[in-house]
Amino acid sequence: MRADQHLLLVGMTGSGKSTVARVLGLRLDRQVVDLDTEIERRAGKSVRRIFADDGEAYFRELESTALRDALADDEAHVIAPGGGVVVSEANRALLRGPRARVAWLCADIDTLVERVGRSGHRPLLDDDPRGTLQRMLREREQWYREVADVIVLVDNRSVNEVVEAILR
Ligand code: S3P
């Protein structure tokens, strides 16, 4: 990875992107941009509230703008977008761009269900989390693969093991 390239972590909700990003930020001495947090800061409300008040389409617009802005920063960051960032072809084009290096944190469905638990801040998982995750994974897998420079299997691995695998 070049010094001017952002390191992005993509993967399903529950794959550990935010936690792994925090550790990578410390290891690489880079600022961590958690895209959902940035979206919440700009909107002045939680992701759940944005979905409820303004709808998913509006959230996706905010997400695309936040992604574009983060990638445009001169300083290279560790960026953790939400799991749905790959649904948009325009976002995938940004992720394939010259200043992005992308690691896909790849987890199987049992790991995802276990990790997502009852965290409550994910509006898309309110009903039937396992079924929804399964459907999302089937749909998105191809897109994670399309944008990934490396694929890191996270099942049964600690945060530090995942970080080491990405750095290697
Ligand atoms: C979403 C994942 C969430 C968040 C939003 C939508 C998705 O982020 O962006 O609830 O479509 O998978 P995490 O992947 O951090 O849970």
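**Helix α6**

I note here that the model is predicted.

Next I asked which residues of α6 (residues 109-116) are buried. I found I109, T111, L112 and V116. They cover an arc of only 160° around the axis, so they sit on the same side of α6. I recalled the general rule: an α-helix has 3.6 residues a turn, so residues three or four places apart point the same way.

What covers these buried residues? I looked, and the cover includes α7 (129-147).

Then I checked what follows α6. I found G117, and its phi is positive, near 45°.

**Strand β1**

I turned to β1 (residues 6-10) and asked how many of its residues are buried. The count is 5 of the 5, so the strand is largely enclosed by the rest of the structure. For buried, I used the cut-off of under 20% relative accessible area.

I also looked at where the side chains go. H6, L8 and V10 point one way from β1. L7 and L9 point the other way. Both sets are buried.

**Partners of β1**

Which strands pair with β1? I found β4 (residues 100-106), which runs parallel to β1 and is joined to it by 5 bridges. Within that pairing, L7 has R101 as its bridge partner.

I also found β3 (residues 78-80), paired with β1 in the parallel sense over 2 bridges. There, L8 stands opposite I79.

Key:
Residues numbered from 1 in each chain as written. Predicted model: local features only at pLDDT ≥ 70, side-chain atom pairs only at ≥ 80, totals over all residues. Heavy atoms only, no water. Buried < 20%, exposed > 50% of the residue type's maximum accessible area, 1.4 Å probe, protein only. Helix = DSSP H or I, 4+ residues; strand = E, 2+ residues; numbered from the N terminus. Pairing = 2+ DSSP bridges. Arc of directions from axis to C-beta. Contact = heavy atoms within 4.5 Å.
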